[in-house]
Amino acid sequence: MKSEPDAFSIDDLERVKVEPWNGVRNYQARNYMRDDMKVGDPVLFYHSNAAKETGVAGLAKVASKPYADPTQFDPESDYYDPKATPEEPRWFLVDVGFVEKFPQVLLLEKLKANAPLLGEDFVLIRKGNRLSVAPVTAEQYKSVVKLSKTKRS
DNA sequence: GCCAACGTTGGC
DNA sequence: GCCAACGTTGGC
C-alpha cells in the first residue's frame, strides 16, 4: 500500500496505530481491498513521491474487514462521490494497522537492484505502476523483509 | 517542472 | 464500442 509521506507517512501510522485507508478512487485498487484483503494480511508500507527516500518504509497489516468508505457520502469531503449511496456504496476500504518501521527506508533503487530476486513482475518496480493498493506474493514479501535488514552500501 | 503511463469521460 | 481529450500518478 502506497502513501505520499507528506500526506501520511509510516510515522503517522505509528502514532495513530490504525488508519482507515480512505480516499482510494480507483476501481482496481478498490477491488483488491474489497475482494482480496483479510484481517491480519501483511502489508508493505510504501512511501511514494517522496522528496527523497522513496521506497518501502515499514510493515503494516490489514486491521479490519472491508467496509464502505464513509468519505464517499460526505459532501464536505474531497473524496465525495455523488453517485454513491449508503444502499449502493461504490468505494470500499480496510483499516491499516501499524506493525513496524524499518530502521532505514528500503529504497526503490535497491528494489530495482534486486529485480532478479523479487521477480521482474514485482509491482513496485514494474513500469507504469500507479495503483495505490496492489498485491505481492508471499515470496516477494519475505524477500522485501529480508532486504530491509541488509545494510545500505 | 517534465514526461511516461496509465484510467476515466464523453461524443459519436 | 471506439477513441480523443483530459486528469492523475509517480519517478526523476
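A polar contact here is a pair of N or O atoms within 3.5 Å. I keep that cut-off at hand for the entries below. The model is predicted.

Entry 1

**Entry 2: other polar contacts.** I turned to Gln28. One of its polar side-chain atoms is 3.3 Å from a phosphate oxygen of DNA strand B. Which part of DNA strand B does a polar side-chain atom of Arg130 approach? I find a base oxygen, at 2.7 Å.

Entry 3: I listed the residues around DNA strand B: Asn26, Tyr27, Gln28, Lys127, Gly128 and Arg130. I then sorted the nearby surface by class. I get three polar residues, two charged and one nonpolar.

**Entry 4: the start of α2.** I went back to Asn26, one of the residues around DNA strand B. Asn26 also caps the N-terminal end of α2. Its side-chain oxygen lies 3.0 Å from the backbone nitrogen of Gln28.

**Entry 5: the buried side of α2.** Which residues of helix α2 are buried? Within residues 27–36, I note Ala29, Arg30 and Met33. They lie on the same side of α2, because they cover an arc of only 100° around the axis. I checked what covers these buried residues. The cover includes β6 (92–93).

Key
Residues numbered from 1 in each chain as written. Chains lettered and ligands numbered in written order. Predicted model: local features only at pLDDT ≥ 70, side-chain atom pairs only at ≥ 80, totals over all residues. Heavy atoms only, no water. Buried < 20%, exposed > 50% of the residue type's maximum accessible area, 1.4 Å probe, protein only. Helix = DSSP H or I, 4+ residues; strand = E, 2+ residues; numbered from the N terminus. Arc of directions from axis to C-beta. Contact = heavy atoms within 4.5 Å. Polar contact = N/O pair within 3.5 Å; in protein donor to acceptor, adjacent residues only side chain to side chain. Near = heavy atom within 4 Å. Nonpolar A, V, L, I, M, F, W, Y, C, P; charged D, E, K, R; others polar.
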